[in-house]
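Subject: Structure for your review

Dear colleague,

Please find below the structure that I am handing over to you. My findings follow it.

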Amino acid sequence: MKFIKQILFLTGMSFLMAGIMGCSNVKEEDSKYHVYYINKEKTKTVAVGHEPQEEGATEQIREFVDLLFEDTQDPDYRKPAFKGVELEAWKLEKNQLSLYFNSEYLELDHVEEVLCRAAIVRTLIQVDGVECISFYVGDTPLVDSEGTPVGLMTVESFIENPGEQINTIQTANITLYFANEKGDGLVREIQEIHYSSNISLEKLVMEQLLRGPRGRKGQSAIPDGTKLVGVSVLDGVCFVNLSEGFLNQNYEIKEPVVIYSIANSLAELPDVNKVQISVNGDSNKVYREKMDLSVMYERNLDYLDDSERQKNEMKMQSKEKEEPVD
């Protein structure tokens with residue numbers, strides 16, 4: 001049974017999270033499009049209505065970038081680039097917009113960085129043809145304060161908190177599938193996790209799979225050295241981008257166990273029906289000469305460990321007995 005419950009958690013950063021998404025006193029101007037700036041107190045983003053003069057994705061991106069990185073004339077808000085941050089280059093490929101910043105981006109403190117990223121992503125994601133955005137500093141993918149890659153960001157990456165609500169910490173029970181001790185089957189583990197509202201469940205699932213099970217039963221099916229480059233969901237398909245470490249050979253764990261550890265865990269989430277795995281953005285690979293990564297994998301419990309299979313069958317039988325007879 002999948003469920004998510006929300007609890008309110010007071011933190012010193014509450015003003016930031018509420019501010020980023022609250023956007024009170026927003027200057028809508030009856031516009032379909034907006035440019036997101038930062039208020040003068042540097043506590044939240046401010047949406048300013050704007051009608052693009054250009055047509056086409058490339059031209060509109062240029063137009064919005066120019067607006068984001070030029071000084072504003074309004075004393076109540078400012079451009080999102082702090083401390084000399086500049087966008088050195090960008091490219092749009094297959095609906096993914098990659099932004100390359102100068103080294104000054106690393107000088108931003110946590111509050112400034114989150115505000116800057118939120119304003120830029122929420123502005124550029126409006127462009128038709130841009131479905132996800134990635135940040136780089138030089139040629140290196142942006143990482144968070146713990147060294148974890150930020151990955152692909154979508155319209156859901158910055159969830160709006162209504163009104164003046166304080167920072168929301170969510171609690172979720174997620175079902176994960178790990179390799180059994182022999183590496184020839186999957187074992188299931190349900191974990192309760194607490195996380196900030198601006199982190200997607202898909203990313204959390206992948207992070208927990210990489211860490212391995214909390215209990216003694218099972219092991220991580222994903223090869224050592226694998227890092228999560230990005231994860232996003234579009235129309236029910238979860239796109240998982242892993243580092244080259246994923247191609248490391250671990251013949252103790254069977255190929256389908258590796259693939260369905262990822263696919264089954266993500267497919268437990270309500271918005272995911274299929275999963276596609278790529279390595280450094282390339283899905284035109286065959287994992288260990290057996291599993292085609294260009295295929296979109298669906299939930300498949302055929303690889304459950306024998307003990308897990310028995311539990312699953314007993315659960316199904318119990319469910320059938322409980323169902324009322326017409």
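I begin with one residue and its surroundings. Please note that the model is a predicted one. Ser98 is located in strand E6, which covers residues 96-101. Its relative accessibility is 6%, under the 20% cut-off, so Ser98 counts as buried. The side chains of Ser98 and Ser134 are joined by a polar contact of 3.2 Å. Leaving aside residues up to four places away in sequence, Ser98 touches Ala89, Trp90 and Lys91, as well as Ser134 and Tyr136.

The next item is a sheet. Three strands make up an open sheet, ordered E3-E2-E4, with antiparallel pairing. Strand E3 (45-49) and strand E4 (77-78) are at the edges; each has a single partner strand, and therefore one side of each lacks a neighbour in the sheet. Strand E2, residues 34-39, pairs with E4 in the antiparallel sense over two bridges. Within E4, Tyr77 is the residue that stands opposite Asn39. Helix H3, made up of residues 110-124, lies across E2 and E3 and runs at about 170° to E2.

Finally, the cysteines. How many disulfides are there? The count comes to zero, the rule being a pair of cysteine sulfur atoms within 2.5 Å. Cys132 has a relative accessibility of 10% and therefore counts as buried. Cys238 is also buried, its relative accessible area being 0%.

With kind regards

Key. Residues numbered from 1 in each chain as written. Predicted model: local features only at pLDDT ≥ 70, side-chain atom pairs only at ≥ 80, totals over all residues. Heavy atoms only, no water. Pairing = 2+ DSSP bridges. Helix = DSSP H or I, 4+ residues; strand = E, 2+ residues; numbered from the N terminus. Contact = heavy atoms within 4.5 Å. Axes fitted to C-alpha atoms, helices over the stretch in contact; angles between N-to-C directions. Buried < 20%, exposed > 50% of the residue type's maximum accessible area, 1.4 Å probe, protein only. Polar contact = N/O pair within 3.5 Å; in protein donor to acceptor, adjacent residues only side chain to side chain.
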